[in-house]
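Student: I am new to this structure. Please take a close look at its interior for me: what is hidden there, and what packs against what?

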Amino acid sequence: MGGRWIERWEPEDETFWREKGERIARRNLLFSVLSEHIGFSIWSLWSVMVLFMGPQYGVDPAGKFFLIGTATFVGALIRIPYTFAVARFGGRNWTIFSALLLLLPTGLAFTVMHPGTSYTTFVLVAALTGVGGGNFASSMTNINAFFPLRKKGWALGLNAGGGNIGVPVVQLVGLLVIGTAGAVHPRIVLGVYLPLIVVAALCAALFMDNLAPVKNDTGAAKEAVKARHTWVMAFLYIGTFGSFIGYSFAFGLVLQTQFGRTPLQAASLTFIGPLLGSLIRPVGGSLADRHGGARITLWTFAAMAAATSVVIYASVVESLTVFLVGFIGLFVLSGLGNGSTYKMIPAIFLAQGHRKGLAGEAAEAYGRRLSGASMGLIGAVGALGGLGINLAFRQSFQTAGTGTAAFVAFLAFYAACMVVTWAVYLRAPATVPETAEAVTEPEPRSGYARV
């Protein structure tokens, strides 16, 4: 229990929030973003490292997709224990530890990143970078506890967007290295991040706080696992965040494999989509705060289906320009959907509290308990969508030499997400009384208002 602990935390109390809470919450948000940002960069490290792996490494495109898929898989699974670590050890304390842990995969990658290293070694080191994916879960759980419900869409969107932007930043670093030193010096990228990891851990130690009222609730975790909406939102998050992280990891490799781009040409384009998707995530949260997350999410999936159709067309006619337009559109839309879906989670469980007959602080406490417990699971399942995307690309390129078949599968999935969003959260109350009450009302009176 060492470190900075805050014993009283009541963000829904407007006086407390105005006089003390907002200042503390914003400070913790700032340094949470920094740590999560570095975590995302390390998690997506192999999306950059594979661009350096020329013929001398002896790894074919399928093997490269498997490397980045391995990092995605481990990063998804580790999100579950990371979610509960915040309440067990404190948000500040865990941020320090999880940041320092990033030194392990980064240092090992620095050691083994050269021709002649066995493929098995590369797979093991790529798996270790998955710890960076866990930082998202602990950071989001921590920040969720700091902010009142009316600010969660903005705060969670900013926290996640600032973290997500770690993907294009590490890709920009890779571009800079390839453009100046050539594609034979991957260790320079790793050397840049080793001191940044230490800086993130030091800032967490100096400027972040632990919240004593935030405790692991075994009952809440069990209830969240049993809750239908946990799994519905996990499914939708596969479509938004799974798309973002899967495309982020695979974009450069797709450009190299399908369109014959050189490492420098691929790196000069790879960062654009993840950058735009990261920047727009807070916008998705803000739009959801104003118009309801379900509405924004539904239209986002519709637009993602349209963008995927553009990509399929471009893949068939082999037009790089049209492909880039459609693919970057997918990044922007997935970022927008990331913000809107995450906003839905606390609102859904607050509405569940109201439906159980709770009101006021009791309903808010119930919403915080269940949303905090469910976020790690939803984030983990959503991140597995990134694994699915990379495996789909691997299979598509192995069998047909192109990613077209994978994009057709993605199109079908986005259509399914549209149906689920509408049926569960937007259908008329008379049709689905247990879930749709007041979901489209402008003010959150009861049920799923403002979800």
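Tutor: Start with Cys203, which counts as buried because its relative accessibility is 16%. Buried means under 20% relative accessible area, exposed means over 50%, and partly exposed lies in between (1.4 Å probe, protein chains only). Cys417 is buried too, at 0%. What is the disulfide count? It comes to zero, where a disulfide is a pair of cysteine sulfur atoms within 2.5 Å.

Keep in mind that this is a predicted model: local features need pLDDT of at least 70, side-chain atom pairs count only at pLDDT 80 or more, and totals for chains, interfaces and linings use all residues. Residues are numbered from 1 along each chain as its sequence is written, and side-chain values use heavy atoms, with hydrogens and water left out.

Now the core. A nonpolar core is a set of buried Ala, Val, Leu, Ile, Met, Phe, Trp, Tyr and Cys residues joined through side-chain atoms within 4.5 Å. The largest one has 123 residues, and those with the most contacts inside it are Trp46, Tyr247, Phe323 and Phe393. Helix α13 gives this core its largest share, 16 residues. Another core lies apart from it, with five residues, including Phe31, Cys203, Ala204 and Met208.

Helices and strands here are DSSP runs numbered from the N terminus; a helix is H or I with at least four residues, a strand is E with at least two.

Take Tyr247. What does Tyr247 touch, beyond its neighbours within four places in sequence? Its contacts are Phe327, Leu330, Phe331, Ile389, Phe393, Phe407, Phe410 and Tyr414. Contact means heavy atoms within 4.5 Å. Thr308 belongs to helix α16, residues 293-317. Thr308 is buried, because its relative accessible area is 0%. With neighbours within four places left aside, Thr308 contacts Leu330, Phe407, Leu411 and Tyr414.

Next, the helix packing. Two packed helices are described by the angle between their axes and the distance between the axes. Axes are lines fitted to C-alpha atoms, for helices over the stretch in contact, and angles run from 0 to 180 degrees between N-to-C directions. Helix α13 (residues 228-259) packs with helix α15 (residues 272-291) at about 145°, and the axes are 10 Å apart. From α13 come Tyr237, Phe241, Phe244 and Ser248; from α15 come Pro274, Gly277, Ser278 and Arg281. By class, that contact has four nonpolar, three polar and one charged residues. The nonpolar class is Ala, Val, Leu, Ile, Met, Phe, Trp, Tyr, Cys and Pro; Asp, Glu, Lys and Arg are charged; the others, Gly among them, are polar.

Helix α15 also packs with helix α17 (residues 320-355), at about 35° with axes 6 Å apart. This crossing is right-handed. Its contact residues divide into twelve nonpolar, eight polar and three charged. On handedness: if the near helix is turned from the far one by less than a right angle, anticlockwise is left-handed and clockwise is right-handed.

Other helices have hidden residues as well. Helix α2 is mostly covered, with eight of its eight residues buried. They are Leu45, Trp46, Ser47, Val48, Met49, Val50, Leu51 and Phe52. Helix α7 (residues 119-128) buries Phe122, Val123, Val125, Ala126 and Ala127. Those residues pack against α2 (45-52), α3 (61-77) and α6 (103-112). In helix α5 (residues 91-101), the buried ones are Gly91, Arg92, Trp94, Thr95, Ile96, Ser98 and Ala99. Their cover includes α1 (14-43), α4 (79-89) and α8 (131-146).

Trp17 sits in helix α1. Is Trp17 buried or exposed? At 5% relative accessibility, Trp17 counts as buried. Trp231 is in α13, and it counts as partly exposed because its relative accessibility is 41%. Trp231 touches Val225, Leu377 and Val381, not counting residues up to four places away. Trp231 and Ser374 are 143 residues apart in sequence, yet 9.1 Å apart in space, C-alpha to C-alpha.

Glu318 lies in the loop between α16 and α17. Glu318 is exposed, because its relative accessibility is 65%. Its phi is positive, about 60°, although Glu318 is not a glycine.
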